[in-house]
Structure formats: structure tokens, C-alpha cells
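I opened the notebook on a single chain today. I wanted to look at a pocket, then at the fold and the confidence.

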Amino acid sequence: TATATGSPAAAARTVSLLDPSSWSVAWAAVVVPNAVMMYAHHRGGTLLIVNAVLKYAGVYGLFAVPFVGLTMEKSFYDTALSLQGIDPCTRAADREGEGFPSGGHLLPSFSVVPVKRVL
């Protein structure tokens with residue numbers, strides 16, 4: 001088991017593979033959107049996006065595509081944390097002093113749900 005970190009309320013919770021309620025929501029919040037994107041790519045969605053960007057924004061519009069992808073990834077991650085009751089805008093005390101890439105708490109949260117209250 002591993003200790004969930006991020007907020008004082010979540011610090012007391014543990015994540016166990018034997019207890020699906022402790023990880024299944026976060027798993028679904030990350031895997032389902034990525035599976036949809038993979039299916040869309042298989043069906044030609046990537047080409048559709050690239051052609052639409054070229055048509056409406058030109059070649060320079062392609063520079064925005066990675067930033068849109070990173071924004072979507074941060075949204076998935078922040079939503080998964082919020083559903084677990086972990087505030088994505090705080091850093092756990094035991095993770096102080098970590099270097100790159102542990103700076104996501106300094107960015108605004110892109111979660112589509114509020115942080116879940118954990119008792």
C-alpha cells in the first residue's frame with residue numbers, strides 16, 4: 001500500500017490495490033479520455049485536427065497543438081486528483097524540495113470537478 005498525499009485529509013487515506021474504491025475513479029479519469037483519444041486517432045481524428053488547424057490558423061497554428069495537448073493532460077490529471085480528494089494546487093510536506101517535473105502545484109488547477117471532501 002502507498003499513502004495518498006496532497007492534503008491533510010488525504011494524508012490519512014491509503015491506496016490499496018485490493019480496494020478498488022481507492023483507485024478506480026482516478027484510473028477511469030485518466031484511462032477513459034486517453035482511450036477515446038486513441039480511438040479517435042485510429043479513426044483519423046489526428047489528421048482531421050491537423051487539417052482543421054492548417055485551414056483556420058495556418059502553419060503557425062500547429063505550434064499551439066502541443067500546448068492544447070498539455071492542457072488537456074493537466075486537466076485529466078488534476079481531475080483525477082480532485083476526485084480522490086487531493087488538492088492539485090498544494091504540495092505535500094514530504095515532497096518538498098523535489099525538482100523538475102514536480103511543479104504542477106504552482107500552476108492553476110484545470111480540474112473539471114471541485115476537490116472531493118474526504119472524511
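I sorted the lining of the second largest pocket by class: 9 nonpolar, 5 polar and no charged residues. I counted Ala, Val, Leu, Ile, Met, Phe, Trp, Tyr, Cys and Pro as nonpolar, Asp, Glu, Lys and Arg as charged, and the others, Gly among them, as polar. A pocket here is an open set of points on a 1 Å grid over the protein atoms alone, where a 1.4 Å probe fits, with protein on both sides within 12 Å along at least five of seven lines; lining residues have an atom within 4 Å of a point.

I looked up its volume: about 340 Å³. Of the 14 lining residues, Met37, Thr46, Ile49, Val65 and Met72 are the closest to the centre.

Which helices each supply at least two residues of this lining? I found H2 (24-42), H3 and H4 (65-83). H3 gives the largest share, 5 residues.

The model is predicted, so I noted its rules: local features need pLDDT of at least 70, side-chain atom pairs pLDDT 80 or more, while totals for chains, interfaces and linings use all residues. Numbering starts from 1 along each chain, and side-chain values use heavy atoms, without hydrogens and water.

I read the element order from the N terminus as β-α-β-α-α-α, with helices (H or I, at least four residues) and strands (E, at least two) taken as DSSP runs.

I checked pLDDT, the predictor's confidence in each residue from 0 to 100. The chain averages 79. Over residues 1-7 pLDDT stays under 50. Where pLDDT is low, the predicted coordinates should not be read in detail.

How values were computed
Contact = heavy atoms within 4.5 Å. Points joined across faces, edges and corners; volume = space filled by probe spheres on them.
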